[in-house]
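Trainee: I have not seen this structure before. Please take me through it with questions and answers.

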Amino acid sequence: MVACILMVLHFRESKNMEAAFGLSVTLTMLITTFLITLYLKIRKVPLIAIVLITSLFLAVEMSFLIANLQKLHEGGWIMLVVGGLLTGLMLIWYYGKTSQDKLIARTQLSPLVLQKLKDLSTNSKIRNHATNLIYLTSSDSPDTIENRVLDSIFQAPAKRADIYWFLHVKVTDEPYTLQYEASALAINDVYHVVLHIGFRIEPKVDLFFRKIAMELMAKGELSYEKSEERKYDTDDFGDYRFVVANSFLSYDNNLPYWRNFLIKSYYNLKLIGVKEDVNFGLDASNVIWERYPLVFAKADQITLVRI
Amino acid sequence: MDQHYNIQEFHSRVKLAGVLLATGIVFGDIGTSPLYTLNALFHSGEVVNPVKALGILSCIIWTLTLQTTLKYIIITLTADNNGEGGIFSLYTLIRSYFGKWAVVLAVMGGAFLIADGIITPPISVASAIEGLQKFNPDLDTVPIVIAIIVFLFLIQQLGTQQIGKFFGPIMLIWFSFIGGIGLLSIFSNPSVLKAINPYYAYKLLSDFPGGFWFLGGIFLCTTGAEALYSDMGHVGRNNIRVSWIYIKITLLLSYGGQTAWLLNNGVANDLSPFYNIIPEAIYIPSVIPASLGYRHCQPGTDQRLLYAGQ
C-alpha cells in the first residue's frame, strides 16, 4: 500500500504511469511465456506445436517489449529498478537459505538418544523447563533430528520437559490442505509431528499444536503424569514452549568475497524480514528464542603464540 | 423427477454465481484498461488520422485475441496446480524437471508480478478519477486517488470471496455499461467495424511513420491478463472462460465506440476518449464504479514464498 501511494505521488497522473505499467507487465508476461513453454514440454505436447505457440507469443511480446523499452526514460526505468531489486532480494534469500540448509547436520534418533530423552524427562532432580517443549525441525522423518536440537536439550543446563515434541511444518503444493501425522517415539515423552499445510492456509501452528495435543490425549495416545508442578494447574496439558532457533554467521568463517557478500546479505535480510514466530503464527508468550552460529567455511589455522 | 429438476437448477445457479464471482474478482484490471489505453495513444489536440485510429483499433482487437484469449484464456489457464494458477504454481509444476534456471525465471516472474501489483492500483484509480477533470480541469486528483487506494486495501482484508460477491454485480453493470455506450457510439460511425480485418493492424505497424512505437500504448489493453491466471484459484477456470466471452465483447465495443468518436470528432482533447462518449446525464455515476472497479491489489498470499526451502 505504501509503495502504491509512493507511485501516485511520484507520477501524479495516469498518463505518466503508462510507460512504467506497460514495461512491467510485458516482462511478467514474457516470463510466463518461458515457463509455459517448459510446462508444455513436460506435458509432452508435440514439439512443433510448442515451437509454433512459443514463437508466436515471443514475437508478439518482444514487439511489445521493444516498443515499451522506447519509453524507458518516461518512468519505465522505475519498474526495472523495483523488479530488479525484488529479484535480487529473492535470489539472495534463496541462495542463503539453500546454503544454510546444506550445513544443517542431523543425527539418527537412536534408541540411545531416546532413552536419554526419557531419562531427562523423568529426572525430578532437574528443574522443569516446560511441560511441553516443542522444537520446530526441518526433518520430516521421525528417525532423524538436527544436531542443534539435541544440543539445545542436553547442553548444560539441560532442559527438562514432560514431553518433547519435534514439529515439522510442511507447506504442500495444494492450496487448502490441513492434515497432520503424529508418531510417538517414546510414549508420553517424545513425539514427532508433521503438519501438512496448504499454501493458502494461514499457518497458526500454535493453535494447531493445541488441537493435536488434545486429540492425542482424547485418543489415549498421550497422557501427562501428575507432577508436583502441575498440581494446581487446571489446564489439560500444562504450558508449552516453542523453541525457535535462528542461525547467525559465526566469526569463525573465512569465505570468498562473493559468498561472503551473499550470505551476509541473507542474514541482514533476515533481520528485517518477517520473524519466524509471526510466520508460523506462534503466540509470543510461548516462544523461546535460541541462536546458534553457523560456520560455512572454516578459517585457516591461526597462529596464536604464548609469550 | 422433481428432485432431478432441483439439482439441475441448483447447478446452473452455482455456475451463474461462479461466473458473477469471476467477473468481480479477476476482470477488474482488464475492465479499467479502456479508460486509459486510447488516451495513451492520442495526445490532446492531435488531429486524428483515420489510418492510425483504425490501425490501433485493429491492433487492440488482435492483441485481445492473441494475447488474452489465446495465450491466457485458452493455453495458460490449463496449467493449474490443483486448481491454483499464477507464476509460482507454474514453477511448482515444472521445478522437478528443470532445476536451477526455472528457479531464476520464477523468481524474476514473481518479482515483476509484485512490481505489477504496485503500479496497477495507482494507474487504474488515477485514470478513473481523472474523469472528474471534465468539470474542473484544475482538480488535484492525487489526494482523492490516495484515499481510494487506502479504502481498497482496507476492504481487501475482508477476503477475496466476499469482495467477489460484492464486486461481481458492480463489474457486471460496469462491463454492460462500457459495452452499451460503446455500441451507441459505434452507430454514429459503423465504419470502425472494418478494423476487425488485421490488414489495418499490419498497415499501421509497417507503413505508418512511427507506427510500431504505438505498440507500447496498445499493450495497455491486455495488461490485466496475467491477473486472470494468478487469481484462477479463487474462481475456477471455466467460470473465467465463460465470463470472458461476454467481457471481451463489451471491451471491443468500448474500444470501437471510442475510435468512432475519435474519427467523428477529428481531434483528440484533454479527456480520455472513454469519457467523451459517455452521455452527460450519466457522467458522474460512471466515474464512481470506474474508480472502484479495480481490485486486484496484490498476488494472493502464497505461503510458499515465505517457506521456500523450509
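Trainee: How many helices and strands are there in chain A?

Mentor: This is a predicted model, in which local features need pLDDT of at least 70, side-chain atom pairs count only at pLDDT 80 or more, and totals for chains, interfaces and linings use all residues; side-chain values use heavy atoms, with hydrogens and water left out. Residues are numbered from 1 along each chain as its sequence is written, while chains are lettered from A and ligands numbered from 1 in the order in which they are written. Helices (H or I, at least four residues) and strands (E, at least two) are DSSP runs, numbered from the N terminus. On that basis chain A has nine helices and eight strands.

Trainee: What percentage of the residues in chain A is buried?

Mentor: Buried means under 20% relative accessible area, exposed over 50%, and partly exposed in between, with a 1.4 Å probe and protein chains only. Chain A has 307 residues, and the buried share is 49%.

Trainee: What span is expected for helix α4 of chain A?

Mentor: Helix α4 of chain A covers residues 76-103, which is 28 residues. The expected span is 1.5 Å times one less than the number of residues. From first C-alpha to last, α4(A) reaches 41 Å, close to the expected 40 Å.

Trainee: Are α2(A) and α4(A) parallel or oblique to each other?

Mentor: Axes are lines fitted to C-alpha atoms, for helices over the stretch in contact, and angles run from 0 to 180 degrees between N-to-C directions. Helix α2 (residues 14-42) of chain A packs against α4(A) at about 40 degrees, with the axes 7 Å apart. Angles under 35 degrees count as roughly parallel, over 145 as roughly antiparallel, 65 to 115 as roughly perpendicular and the rest as oblique. The two helices α2(A) and α4(A) are therefore oblique.

Trainee: Which residues of α4(A) make the contact with α2(A)?

Mentor: Contact means heavy atoms within 4.5 Å. On the α2(A) side, the contact is made by A:A19, A:A20, A:L23, A:S24 and A:L27. Among the buried residues of α4(A) are A:G76 and A:M79. The α4(A) side of the contact consists of A:G76, A:M79 and A:L80.

Trainee: Which residues of α5(B) does α1(A) meet?

Mentor: Helix α1 (residues 2-11) of chain A and helix α5 (residues 100-129) of chain B pack at about 55 degrees, with their axes 8 Å apart. That angle makes α1(A) oblique to α5(B). From α1(A), the residues A:A3, A:C4, A:M7, A:V8 and A:F11 meet B:G117, B:I118, B:I119, B:P121 and B:P122.

Trainee: Is A:K44 buried or exposed?

Mentor: A:K44 lies in the loop between α2 and α3 (47-69) of chain A. This residue has a positive phi of about 60 degrees although it is not a glycine. Its relative accessible area is 71%, so A:K44 is exposed.

Trainee: Is B:T68 buried or exposed?

Mentor: B:T68 lies in helix α3 (residues 50-75) of chain B. Leaving aside residues up to four places away in sequence, B:T68 touches B:I30, B:T63, B:I73, B:T222, B:A225, B:L228 and B:W244. Because its relative accessibility is 0%, B:T68 counts as buried.

Trainee: What percentage of residues 53-77 of chain B is helix?

Mentor: An unreviewed UniProt entry lists residues 53-77 of chain B among those for "transmembrane region"; UniProt positions are given in the numbering used here, feature names are shortened, and annotations may be inferred rather than shown by experiment. The end C-alpha atoms of residues 53-77 lie 32 Å apart. The span is 0% strand, and its helix content is 92%.
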